[in-house]
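Please look over the model below before reading on. My remarks are set out as numbered points.

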Amino acid sequence: MATEAPTLDCSDIDQYLGKVIESSPLREPLGNNDIRRWVQAMHYPNLLHFDPAYAAESQWGKLIAPQSFPIVMDDGHGTAPSCVGKIPESHLLFAGDEFWHYGPRVFGGDTISNERIPFDYTVKNTGFGPTCFQRGDNFYRNQHGELIAKQRSTALRYSAAAGGATVNKDEFEEPTWTDEELDSLEERKFAWIQMMHELGHSERWWDDVNVGDQLPERVFGPHTIASLTTEWRAYLFTTWGTLDRRVINLEDFGFTKEMAGHENDPIMERINPELTDGAYIGASRGHLFPKYARKIGMPRAYGYGASMGAWVTDYLAGWAGEHGWVVHSTANYRGPALSGDITIQTAEVVDKTVDEEGRNIIQVKHLMKSQKGTTMCTGVAEIVLPKKV
């Protein structure tokens with residue numbers, strides 16, 4: 001007997017498109033330790049963002065947040081406007097981000113707001129069956145009303161049952177790393193860190209970069225449940241009481257009961273906050289618990305899409321140096337950061353131009369892979385570099 005093809009009812013999304021949705025603003029200004037916690041969790045040891053003596057010698061004269069930082073300002077780490085409307089019995093994975101950075105930098109003491117507007121959606125067939133690719137915009141502004149960055153986030157929403165039915169059982173076990181392999185990894189990791197030390201406060205000149213140049217390799221991992229938990233804790237919304245949280249019920253978006261719960265629920269936070277932390281109970285629990293990861297299509301614990309977007313920005317900004325600036329980037333997520341795997345980032349210079357504003361632009365094509373060669377993320381970015389007089 002022929003079985004009926006599964007469908008995905010996305011009609012509830014339409015009523016939200018183009019309209020501002022509620023945010024969950026921070027209750028206090030940012031602190032320097034919020035910045036330090038973030039760069040440590042993102043494996044980004046750039047002294048500008050955590051060492052006060054080094055930062056005092058920079059062009060800003062004080063500690064500064066990395067360009068990847070705005071996504072910690074609200075609940076949902078950027079995906080909230082791409083997750084509106086109810087899709088019954090569905091789950092969500094990050095599918096990609098596009099960023100535009102406008103210039104104002106973020107410092108301790110700043111207060112950042114986020115205006116969130118659902119953008120559009122389309123339904124395509126994927127390995128999970130009918131899948132909704134939904135997009136939404138975040139507009140991050142400082143206390144002066146200056147636009148810091150725009151993030152267009154893409155969420156992939158699909159039948160949770162269909163995802164669970166396709167999970168690859170061959171990937172249930174983490175790879176084993178020998179002591180010698182781990183020692184070699186530490187050497188590879190430090191090579192990129194050493195590149196930042198060598199550049200220091202100096203300029204990376206636009207004049208000295210050529211089409212075809214390869215950016216230095218960046219390596220980190222192996223990812224573990226401990227490292228993924230550290231990432232989660234760097235998002236400010238994961239700490240009790242940090243936000244004036246919007247009232248939210250994940251079942252209203254169609255999440256299955258076992259993946260919904262009270263994550264980010266401001267009412268339950270005052271009654272029993274243990275139930276509101278998505279690391280334990282909620283849509284995010286699959287990241288840290290293989291049992292729940294397998295129910296939605298992931299073979300074991302896995303990293304956060306928003307973190308992958310931050311890795312892209314940090315990788316490019318670390319190479320550009322403090323006088324450079326990532327003005328635009330795309331990140332298309334193709335595979336997760338699974339526990340036990342490592343992440344390897346590379347990039348190639350594909351263009352060198354002066355834009356209509358007279359800025360000296362380097363365009364790069366970037367790539368993120370695991371040690372198995374599995375593609376995790378692809379995209380392009382434009383970076384402003386200083387030009388020699």
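1. Basis. This is a predicted model, in which local features need pLDDT of at least 70, side-chain atom pairs count only at pLDDT 80 or more, and totals for chains, interfaces and linings use all residues. Numbering runs from 1 along each chain as its sequence is written, and side-chain values use heavy atoms, with hydrogens and water left out.

2. An unreviewed UniProt entry lists residues 23–150 as "domain: FAS1-like dehydratase"; UniProt positions are in the numbering used here, feature names are shortened, and annotations may be inferred rather than shown by experiment. Over residues 23–150 the chain is 34% strand and 12% helix, where helices (H or I, at least four residues) and strands (E, at least two) are DSSP runs numbered from the N terminus. The end C-alpha atoms of this stretch lie 15 Å apart.

3. Helix H9. This helix covers residues 305–320, 16 residues in total, and spans 23 Å from first to last C-alpha, close to the 22 Å expected (1.5 Å times one less than the number of residues). H9 is largely enclosed by the rest of the structure, because 16 of its 16 residues are buried (under 20% relative accessible area, with exposed over 50% and partly exposed in between; 1.4 Å probe, protein chains only). Gly321 follows H9 and has a positive phi, near 85 degrees.

4. Second largest pocket. Its volume is about 280 Å³. It is lined by 27 residues, of which Asn46, Leu48, Ala317, Gly321 and Glu322 are the closest to its centre. A pocket is an open set of points on a 1 Å grid over the protein atoms alone, with protein on both sides within 12 Å along at least five of seven lines; a cavity is a set where a 1.4 Å probe fits but cannot get out, and lining residues have an atom within 4 Å of a point. Grid points are joined across faces, edges and corners, and a volume is the space filled by probe spheres set on the points. H9 gives the largest share of this pocket's lining, 5 residues; H4 (179–199), H9 and strand E6 (325–333) each supply at least two. By class the lining has 14 nonpolar, 10 polar and 3 charged residues (Ala, Val, Leu, Ile, Met, Phe, Trp, Tyr, Cys and Pro are nonpolar, Asp, Glu, Lys and Arg charged, the others, Gly among them, polar).

5. Cavities. There are 2 cavities of 30 Å³ or more. The largest holds about 80 Å³, and its lining includes Trp232, Trp240, Arg245, Glu263 and Asp277. That lining divides into 3 nonpolar, 5 polar and 4 charged residues. The second largest cavity holds about 70 Å³; among its lining residues are Pro66, Pro70, Pro104, His101 and Trp325. Its lining has 7 nonpolar, 2 polar and 1 charged residues.

6. Cysteines. How many disulfides does the structure hold? It holds 0, a disulfide being a pair of cysteine sulfur atoms within 2.5 Å. The cysteine sulfur closest to that of Cys10 is in Cys132, 4.0 Å away and therefore too far for a bond. Cys10 is buried at 5% relative accessible area, and Cys132 is buried at 0%.

7. Thr131. This residue is in strand E3 (residues 129–141) and counts as buried at 0% relative accessibility. Thr131 and Val354 are 223 residues apart in sequence and 39 Å apart in space, C-alpha to C-alpha.
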